[in-house]
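Please look over the sequence and the model first, then read the points below.

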Amino acid sequence: MTATAAAFSDAQLRTDLLIGDSWSPASDGSRFDVTDPSTGKVIASVASASVDDAGRAVEVADRARHEWSRTSPRERSDVLRAAFELVIEHREELARLVSLENGKALADARAEVTYAAEFFRWYSEEAVRVLGTVQTAPAGTNRILVLREPIGVALLITPWNFPAAMATRKIGPALAAGCSVVLKPASDTPLTALAIGALLQEAGVPHGVVNVLPSRRSGAVVSAMLDSTPVRKLSFTGSTEVGRTLLRGAADRVVSCSMELGGNAPFLVLADADLDAAVAGAMLAKMRNGGEACTAANRFYVHESVADEFAARLAEAMSQLRVGPGTDESTRLGPLINPEAVATVDRLVTDAVDRGAIVRTGGHALVRPGWYYAPTVLDAVPADASILHEEIFGPVAPIVRFTDLDAAIHAANDTEYGLVSYVYTRDVAAGMRVAEELQAGMVGLNRGVVSDPAAPFGGIKQSGLGREGGHEGLLEYTEDKYIATAW
Ligand code: NAD
């Protein structure tokens, strides 16, 4: 590890595998480098779990699960509450670690850590409310009792774009339900997940209930775990492409899957929208996390009558963002995660411009150490541009003008994705109609952010299966047991 990483992490920087109660290197000694995207420099060397390590972690989790599932809900609630308080206590260190390994601006990293902590608080409150049901059978002969039991060992796989929140959004409900977990964080950002693992130990999570296994050998390590009998749950957040592969792998042993996958969010601005609110909402929906969010507005459908003003105001707001290393206090937009991400964004922008889109601001990569792309607004983007059909995952806002609202809704729905949609209008009835017609698991109506630990987050179509957050998120880690009984 380098001095830079240590300076931001104090006692929290962990670089080995967390299996049971010990931090250990990989069984075959493999390690991989973690890089700061703001500079391109290596910040730490992390143990890369082997298939043997994965087997060991599942065994340990399975042993720990029996006792954990028998603890009282209040006990699990207290541990999660302690975890919430510890994350808040270490908010600044964690935010700096997130910013260092992910590149996001500190303001975004602080917001993420607060959001991450809230999943522990929410699920500490939900742990004592795992309600079953009882009813009289229609024939009147017996009672139908339904208990909600913990599903078993849960395999959790997280992406690099929210290294803290994607971990707590899974660990919180799994622990509340009485499950033990093995978490495999993204290889670009394993340090935050390891730090959270250490905080959970400090919070009193019994040994083996939470295991954290970074690995560069994701495919082999994850399929070994999916193939092992104790694993009954896979909760994955990442790209639709990898999600499909994992669903196929889970089919062999019929493992229950929750999938939070990619998005291609439309953002509709109707003719009567409050433009101040719409531009502020657009900046949030597009630029939270520098555009590297599954919820990021990917396509702006703006009514022709307000399009000139909206485009000008959005371009002005985007051009004023100060670009720089995530860990600089003055930075508003950090780098992209890696050079491939810059190449993808550049390809999409070039394709749109070649097809006739107009660049209102930006439109190019930035030449400096690290992996930066200029905040960009494209106007009059034609329907066949690739940027309207692929996840951009960068600071680019493509605007499409419309005159017919139904045609705009049709275009918004013309995608394999269905995670989130946004609508801005002063007419709440019109907004509700549009919200109901948009094919998405979530809709922001005059809101640029929908994420909330208390709400069911998730997508339809190829954006996912199941929900995270809310009470629904906990039920993903339970199975119903029905007891037919007469008394
Ligand atoms: P990714 O699919 O490349 O990787 C996600 C995780 O899967 C990582 O931990 C990675 O190491 C692992 N992985 C990769 N290949 C694997 C394989 N063959 N077998 C097993 N595991 C494998 O995604 P990413 O680039 O880390 O994240 C960006 C994607 O995540 C975007 O598509 C984004 O929309 C999506 N995302 C979705 C949500 C949501 O809640 N819907 C939230 C955040 C990110």
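A residue counts as buried when its relative accessible area is under 20%. Threonine 415 has a relative accessible area of 16%, and therefore counts as buried. The model described here is a predicted one. The protein is divided into domain 1 (3–261 + 463–485) and domain 2 (265–452), and the structure holds 29 salt bridges.

**Threonine 415 and its surroundings**

- Threonine 415 is placed in the loop that runs between α13 (405–413) and β19 (420–424).
- The backbone nitrogen of tyrosine 417 is reached by the side chain of threonine 415 at 3.0 Å.
- When neighbours within four places in sequence are left aside, threonine 415 is in contact with Asn264, Arg299 and Lys461.

- The C-alpha centres of domain 1 and domain 2 are 30 Å apart.
- Contact between the domains involves 29 residues of domain 1 and 31 residues of domain 2.
- The size of an interface is often expressed as the accessible area that is lost when the parts come together.
- Here, domain 1 and domain 2 bury about 2,300 Å² between them, and 54% of this is on carbon and sulfur atoms.
- Between domain 1 and domain 2 there are 3 salt bridges.
- Counting pairs with both residues at pLDDT 80 or more, 13 residue pairs are in polar contact between domain 1 and domain 2.
- On the side of domain 1 that touches domain 2, the elements giving two or more residues are β3 (31–36), α4 (91–102), α5 (106–126) and α9 (240–251).
- Helix α4 provides the largest share of that side of domain 1, with 5 residues.
- The residues on the side of domain 1 that touches domain 2 comprise 8 nonpolar, 11 polar and 10 charged.

**Individual salt bridges**

- Glutamate 329 and arginine 110 form a salt bridge, in which the closest N and O atoms are 2.8 Å apart.
- Arginine 81 and glutamate 85 are joined by a salt bridge between their side chains, at 2.9 Å from N to O.
- Arginine 81 and glutamate 85 are 4 residues apart in helix α3 (residues 73–89), so about one helical turn separates them.
- Arginine 81 is partly exposed, at a relative accessible area of 32%, and glutamate 85 is also partly exposed, at 41%.
- A further salt bridge links glutamate 468 with lysine 170, with the closest N and O atoms 2.8 Å apart.
- Because glutamate 468 lies in the loop between β21 (464–465) and α15 (470–475) while lysine 170 belongs to helix α6 (residues 165–177), this pair ties together parts that are 298 residues apart in sequence.
- Glutamate 468 is buried, with a relative accessible area of 4%, and lysine 170 is buried at 0% relative accessibility.
- The side chains of aspartate 384 and arginine 355 also meet in a salt bridge, at 3.3 Å from N to O.
- Aspartate 384 is in the loop between β17 and β18, and arginine 355 is in the loop between α12 (339–354) and β14 (358–361), so the pair ties together parts that are 29 residues apart in sequence.
- Aspartate 384 counts as partly exposed at 47% relative accessibility, and arginine 355 counts as partly exposed at 40%.

**A salt-bridge network**

- Glu304, Asp308, Arg360, Asp379 and Arg401 are linked in a network of salt bridges.

**Backbone angles in loops**

- Most residues other than glycine have a negative phi.
- Asparagine 289 is not a glycine, yet its phi is positive, at about 70 degrees.
- Asparagine 289 is located in the loop between α10 (275–287) and β13 (297–303), and its relative accessibility of 4% means that it counts as buried.
- Phenylalanine 393, likewise not a glycine, has a positive phi of about 55 degrees.
- The loop that holds phenylalanine 393 lies between β17 (376–379) and β18 (396–402).

Key:
Residues are numbered from 1 along each chain as its sequence is written. Side-chain values use heavy atoms; hydrogens and water are left out. Buried means under 20% relative accessible area, exposed over 50%, partly exposed in between (1.4 Å probe, protein chains only). Domain bounds come from an automatic or database domain assignment. Contact means heavy atoms within 4.5 Å. Buried area is the accessible area (1.4 Å probe) that two parts lose on being put together, summed over both. A salt bridge is a side-chain nitrogen of Lys or Arg within 4 Å of a carboxyl oxygen of Asp or Glu. A polar contact is a pair of N or O atoms within 3.5 Å; within protein, one must be able to donate a hydrogen and the other to accept it, and residues adjacent in sequence count only if both atoms are side-chain atoms. Ala, Val, Leu, Ile, Met, Phe, Trp, Tyr, Cys and Pro count as nonpolar, Asp, Glu, Lys and Arg as charged, and the others, Gly among them, as polar.
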